[in-house]
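Please consult the sequence and the structure alongside the points below.

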Amino acid sequence: MSEILFGLFAVVAALVVVFVIALSIHWGNKRETGLVPYVFYPVLLSIAVAAILSNRDISGDELQMGMQAMVRNPASAWFGRLTSLFVIFACGERILHRLTSRDKIQPMPMLLFWALFVYFLSNIVSPALLGRHTSVSHEYLYMFLAGYAALLMTPKEVDLSVISMRNATLLFLVLSAAVFVWKPNMVINKSYHGLIPFLSIRYTGLANHANSLGPMVVVFLLCLWRKPYASHLLNLFAWGVGLGSLLLAQSKTSWIACFLCFACVAYFGFREQIKERLFDYRRPQLSIIGIFCFILLCTLGMLMVMFGNLDAKLARFASSNEGFDLISLTGRDVIWQVALQEWHKNPVFGYGLPLWDDAFRVSIGMPYATHAHSQFYQSLASAGTIGAIGLVLYAMALLYACARTARASQGLSMALFVLIAIRSISEVPLSLTGFAAEAMTHLLLLIILTAYYPAADRQAVRARKVRVPGMA
């Protein structure tokens with residue numbers, strides 16, 4: 001009887017797949033743009049809904065979200081399933097549209113095509129099938145499908161993607177602020193002592209952690225800078241909500257990343273204007289201010305070394321709780337040691353993708369360690385040396401593509417890469433095993449790189465044409 005039921009289920013599933021494929025081809029046959037730029041809405045909304053329905057309480061300790069077994073509400077589970085179906089349909093439609101289209105279409109950047117393929121093989125397929133603990137799951141395919149759908153995007157869809165990311169994140173932040181007023185214990189830790197004096201709270205919003213909310217807000221501010229709202233009041237409101245959320249999150253790495261990302265956009269977007277002002281001797285105010293600030297910083301540094309009793313202060317800071325957290329990266333060094341031990345046990349293919357699941361965390365006595373808190377250590381431990389090599393090759397390909405498209409994208413591609421690189425030190429922003437907030441930044445970067453790759457080629461050709469006559 002069970003075999004008959006399984007056979008019927010397989011037939012129904014096959015018919016559903018065929019129907020979805022046919023519907024995708026019919027729906028996207030005459031459409032230049034697909035639904036991929038809109039996946040940011042349901043993904044971020046599903047994260048917010050899951051947090052609200054979980055009825056969590058993080059007011060005493062922000063690690064409670066990782067240490068407590070959060071009972072997932074059936075409604076949020078169904079919302080997540082519908083989101084997954086939408087992502088599959090949107091990505092599948094664009095891929096099928098590309099395969100069946102007879103029109104002249106934009107060429108795909110083959111460097112990114114092969115880099116993503118190698119990264120998927122080395123960090124998903126290899127540990128899933130050859131790791132010490134094998135595992136197969138449908139969750140491993142979402143980012144793979146979305147990544148290749150992103151490699152088919154056009155410049156028009158870049159603007160749609162940036163606007164969608166901006167609007168979806170603003171909705172997420174507004175919902176978080178509303179919950180802060182309605183039920184503050186769900187979104188803030190009331191016993192946190194950070195760098196801001198007299199502020200003993202840490203704002204998590206509806207994200208999984210304050211360190212997840214911070215980079216989400218940085219991406220939002222970059223999108224808002226690139227595509228501001230037409231309404232001046234709405235624009236001011238969005239900047240206020242974003243900057244306020246970033247400040248209250250008290251994520252030091254996100255503050256640093258925000259400064260560096262804005263510097264990238266300012267340099268590549270306004271490089272000529274900056275050069276003009278710096279070397280314009282008729283209006284030397286900007287140069288004078290820059291030189292004065294540099295001299296002032298050097299002077300303050302020398303005075304601190306000479307008269308500030310710096311050695312004693314550093315010793316006291318190192319012995320304090322804040323100093324210990326900084327030196328150990330809030331205990332992440334212990335998690336890295338566990339990851340290295342697992343790599344030594346399985347050096348080639350790694351532990352496997354079930355690493356850091358509930359059973360493993362119980363076995364090591366770290367219920368809060370949901371991943372290796374480092375992209376490199378995560379690949380090294382879960383996928384072995386093969387995975388680490390694949391990660392390095394993929395990162396090099398992304399860096400090369402970002403450098404090529406930095407000028408055409410007005411610094412947005414390089415800014416997102418800088419954010420991902422900083423996050424990779426203590427988090428796993430390039431993970432392919434899920435499709436949550438971290439994956440949205442990765443997806444947006446691939447969309448931007450794909451759209452501006454041809455523009456970078458055209459700029460390079462024009463630059464060579466300009467140089468050749470001058471050399472002659």
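Leu 398 is in contact with Leu 112, Phe 417, Leu 430, Leu 445, Leu 446 and Leu 449, its neighbours within four places in sequence being left aside. The model is a predicted one. Leu 398 also belongs to the largest nonpolar core, where it is among the residues with the most contacts.

**Nonpolar cores**

- The largest nonpolar core comprises 100 residues, and Phe 172, Leu 398, Phe 435, Leu 443 and Leu 444 have the most contacts inside it.
- Helix α19 (residues 437–471) supplies the largest share of this core, namely twelve residues.
- Another core, of eleven residues, lies apart from it and includes Ile 335, Tyr 351, Trp 356 and Ala 372.

**Packing of α2 and α7**

- Helix α2 (residues 40–54) packs with helix α7 (residues 155–182) at an angle of about 15 degrees, and their axes are 8 Å apart.
- Because angles under 35 degrees count as roughly parallel, α2 and α7 are roughly parallel to each other.
- The crossing in which α2 passes α7 is right-handed.
- On the α2 side, the contact is made by Phe 40, Tyr 41, Leu 44, Leu 45, Ile 47, Ala 48 and Ile 52.
- The residues contributed by α7 include Ile 163, Met 165, Leu 171, Phe 172, Leu 175, Val 179 and Trp 182, with Ser 161, Ser 164, Asn 167 and Thr 169 also among them.
- By class, the residues of the contact of α2 with α7 are 15 nonpolar, four polar and no charged.
- Phe 172 of α7 takes part in this contact and is also one of the residues with the most contacts inside the largest nonpolar core.

**Packing of α9 and α10**

- The axes of α9 and helix α10 (residues 252–269) come within 10 Å and cross at roughly 135 degrees.
- The two helices, α9 and α10, are therefore oblique to each other.
- Trp 239, Leu 246 and Leu 247 of α9 meet Ser 254, Trp 255, Cys 258 and Phe 262 of α10.
- The residues of the contact of α9 with α10 comprise six nonpolar, one polar and no charged.

**Ala 249 in α9**

- Ala 249 lies in helix α9, which spans residues 232–249.
- Ala 249 counts as buried because its relative accessibility is 0%.
- Residues up to four places away in sequence not being counted, Ala 249 touches Arg 202, Tyr 203, Ala 210 and Leu 213.
- A separation of 9.2 Å lies between the C-alpha atoms of Ala 249 and Ser 212, which are 37 residues apart along the chain.

How values were computed. Residues numbered from 1 in each chain as written. Predicted model: local features only at pLDDT ≥ 70, side-chain atom pairs only at ≥ 80, totals over all residues. Heavy atoms only, no water. Helix = DSSP H or I, 4+ residues; strand = E, 2+ residues; numbered from the N terminus. Buried < 20%, exposed > 50% of the residue type's maximum accessible area, 1.4 Å probe, protein only. Contact = heavy atoms within 4.5 Å. Axes fitted to C-alpha atoms, helices over the stretch in contact; angles between N-to-C directions. Parallel < 35°, antiparallel > 145°, perpendicular 65-115°, else oblique. Nonpolar A, V, L, I, M, F, W, Y, C, P; charged D, E, K, R; others polar. Left-handed = near helix turned anticlockwise from the far one by under 90°. Core = buried A, V, L, I, M, F, W, Y, C linked by side-chain atoms within 4.5 Å.
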